[in-house]
Each structure stands twice: as C-alpha cells, then as structure tokens.
Amino acid sequence: MTRPATAVQGETSDPAASSPQDADLSLMLMIRAFELKLLDLYGRGLLNGTTHTCLGQEYVPVAVEALLDRRDHVFSNHRGHGHYLARFRDPAGLLAEIMGREGAVCAGVGGSQHIRRDRFLSTGVQGESLPVAAGVALHLKRAEPGRLACVYVGDGTFGEGAVYEAFNIAALWGLPLLVVVENNGIAQSTPTSRHLAGSIAGRAAAFGIDHRLVETSDVTEIRRTLEPLVSRVRSRATPLVVEFVTRRLGPHSKGDDTRPARAVQDLREQDWYARCAAAFPGRFPRLDAEARAHIDAVAAEVMARAPSQWEGS
Ligand SMILES: Cc1ncc(C[n+]2csc(CCOP(=O)(O)OP(=O)(O)O)c2C)c(N)n1
Ligand SMILES: [Mg+2]
C-alpha cells in the first residue's frame with residue numbers, strides 16, 4: 001500500500017496532482033540509483049559482463065507491479081532490473097547476482113539478465129519469454145483461475161516470430177496474458193521507425209487482442225487506467241497488450257549509445273525524474289538523497305562479500 005502524500009510548501013495539495021506518492025517515488029528513485037550505481041561500477045572496472053539499465057523506464061514496473069499479485073508470474077527481459085526491484089525490493093540480492101557475491105539471487109550464475117526467483121523469470125534472449133509466458137498463462141487458467149502471466153517486452157522484440165505464435169495462441173485459447181511493451185523508440189541502435197512496419201496496436205488488433213497505449217509517466221494515473229483492464233485479463237482469461245511510450249536515457253548496455261547528445265538531452269527533459277524534481281521541490285531532494293545513500297550502502301556492503309558459490313544441480 002502507498003502512503004498518502006502530504007503537501008509541502010510549493011507543492012500542490014490536490015491528491016490527483018501529487019502523484020507519485022512517497023512510496024512509489026522512493027521505489028522509482030531506488031531503481032534509478034541502482035542503475036546509476038551499476039554504470040559507475042562498470043566505469044571504475046569493478047563490474048564485469050554486460051548489463052542493460054532501465055534508466056528512464058523505472059516508473060513502468062513501479063506502476064504495473066502494484067496491479068499484480070505475488071501469485072501472478074512475471075517474465076522479464078534483458079532490461080529487467082527495474083522489473084525485479086519493483087517486485088522484490090532487493091537491491092542487495094540483485095547486485096550480488098550481478099557481481100557474483102554471496103547472497104546472490106541465483107548464486108551468481110544468472111547475472112544481470114537471467115534471474116529466477118519465485119514466480120519471476122528473466123531472459124536475455126529476445127522473444128523467448130512470450131511463448132513461455134503463454135504456456136504458464138494456460139496453466140494458470142486451468143489450475144489457478146484469476147492469476148495471470150505478465151511479460152515485459154521491448155519494441156525491437158516485435159521483430160521476433162515467437163511473439164506472434166504467442167499472440168495467436170493467447171487469443172485463440174483465451175489466455176490470461178498481460179503483455180507490457182516498453183516502447184522506448186529504439187532497439188540497440190535502430191530507431192523503431194526503421195525496424196517496425198505498421199504499429200504495435202495494429203499487430204495486437206490482427207489477433208483480436210485488446211491494446212492500450214500509455215503515454216504518461218504518472219504511476220497513479222497509469223494504475224487508475226489499467227486496473228479495470230487488468231481485472232478483465234483475470235476474470236475473462238483474455239490477453240491484453242499495454243504499450244508504454246517510454247524513453248531509454250542510457251546506452252543500450254554500458255557505453256554504446258550511438259544517438260546524438262542532443263537527442264538524449266531531449267529525452268532527459270521529458271524524463272519522470274525531471275518532472276518530479278520540478279513538481280515536488282520539497283520531498284524530491286530528500287527522497288532522492290535517501291535512495292542514493294541506500295544504494296551506496298548496499299554497494300559497499302555487497303562488494304565486501306565473498307564470491308558466490310554455485311553448488312550446481
Ligand atoms: C534473439 C536475440 N537476438 C538479438 C539479441 C541482441 N539484443 C539484445 S537487446 C536487443 C535490442 C532489443 O530492443 P528492444 O526489444 O526494443 O528492447 P530495449 O533494448 O530497447 O529495451 C538486441 C538486438 C538478443 N538478445 N536475442
Ligand atoms: Mg526498445
């Protein structure tokens with residue numbers, strides 16, 4: 001549950017305009033601080049392997065996760081830290097996983113992209129999770145009616161045929177599948193306009209699947225809009241595509257941004273972080289400082305841990 005926001009000087013007392021509430025804002029800021037910390041650690045040669053940050057997209061899982069139940073399954077992708085953190089609020093376990101330290105979620109063998117915990121599973125293989133999520137949705141429909149499978153997918157992944165096999169079966173068999181599209185306008189270095197013919201809405205429509213476009217980053221408004229639609233996924237066992245128009249502020253992975261600096265700057269100006277910093281001059285700096293201090297402490301503590309050991313099985 002989120003706590004009611006309290007108005008401070010210079011901020012509005014209108015609850016509709018005071019979104020996000022403190023708990024949501026703190027979570028978004030924690031995810032942002034976590035991702036910035038990863039880039040910082042890489043930059044200092046303290047982290048190996050690859051990683052894809054969700055800088056700019058943090059609000060998506062924060063909004064969506066509140067509509068889910070712990071018994072719903074979540075399937076995540078290569079850009080999945082925010083998905084994991086919104087569900088488990090466990091930066092230490094995730095950082096330990098990425099750094100291969102004791103206490104790692106998957107003993108350090110999964111790393112940034114391949115995490116399994118309870119009903120959460122991520123994969124770095126684009127499109128792989130769609131058919132798997134459809135299969136799990138079929139199981140849920142039969143064995144746990146009312147539960148759903150939620151799968152996060154990027155715009156570029158709509159070039160994978162597996163997406164359409166999953167759409168076909170989900171529509172045909174009436175599966176409780178919630179497809180959350182994070183359309184950040186780019187796939188690695190290719191703008192969406194150069195890799196996607198037609199539209200994501202049109203592709204959902206081709207299978208008779210409902211589609212909803214979300215253009216705001218206001219988590220309260222997003223939930224208000226999506227709540228009845230997600231309830232329908234559960235009660236009618238029917239698929240739904242929710243497409244977020246969002247922004248990737250960082251590089252594709254660590255330092256491979258091919259966009260002109262001006263284009264990235266334009267995106268930063270539309271960022272939820274900038275919007276909230278301007279809208280909430282009272283609480284924002286405090287919550288941001290708390291989130292950064294929390295992640296600094298987590299990183300120091302995790303880095304001091306011994307390497308993780310995988311027993312194998
Ligand atoms: C099957 C497969 N092909 C290629 C890749 C390499 N790859 C990783 S992410 C990515 C782009 C993904 O774009 P999008 O789906 O828009 O997600 P975003 O990175 O923008 O979040 C590519 C080509 C992969 N991981 N899996
Ligand atoms: Mg993309």
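Biologist: How are the residues, chains and ligands numbered or lettered?

Modeller: Residues are numbered from 1 along each chain as its sequence is written, while chains are lettered from A and ligands numbered from 1 in the order in which they are written. This is a predicted model, in which local features need pLDDT of at least 70 and side-chain atom pairs count only at pLDDT 80 or more, whereas totals for chains, interfaces and linings use all residues.

Biologist: How is the packing of two helices described?

Modeller: Two packed helices are described by the angle between their axes and the distance between the axes. Helices are DSSP runs (H or I, at least four residues) and strands likewise (E, at least two), numbered from the N terminus. Axes are lines fitted to C-alpha atoms, for helices over the stretch in contact, and angles run from 0 to 180 degrees between N-to-C directions. Here, helix α1 (residues 22-43) packs against α11 at about 45°, with the axes 8 Å apart. That angle makes α1 oblique to α11; angles under 35 degrees count as roughly parallel, over 145 as roughly antiparallel, 65 to 115 as roughly perpendicular and the rest as oblique.

Biologist: Which residues of α1 and α11 meet?

Modeller: Two residues are in contact if their C-beta atoms, placed from the backbone, lie within 7 Å. In α1, D22, L25, S26, L29, M30, A33, F34 and K37 meet R283, L287, D288, A291, R292, H294, I295 and A299 of α11. This contact has 9 nonpolar, 2 polar and 5 charged residues. Ala, Val, Leu, Ile, Met, Phe, Trp, Tyr, Cys and Pro count as nonpolar, Asp, Glu, Lys and Arg as charged, and the others, Gly among them, as polar.

Biologist: At what angle do α4 and α11 cross?

Modeller: The axes of α4 (residues 91-99) and α11 (residues 283-303) cross at roughly 45° and come within 10 Å. That makes α4 oblique to α11. P91, A92, L95, A96 and M99 of α4 make the contact with I295, V298, A299, E301, V302 and M303 of α11. Its residues divide into 10 nonpolar, no polar and 1 charged.

Biologist: Which residues come nearest to ligand 1?

Modeller: A residue is near a molecule if its C-beta atom, placed from the backbone, lies within 6 Å of it. Of the 17 residues around ligand 1, Q126, G154, G156, T157 and A187 come nearest. The shell has 3 nonpolar, 10 polar and 4 charged residues.
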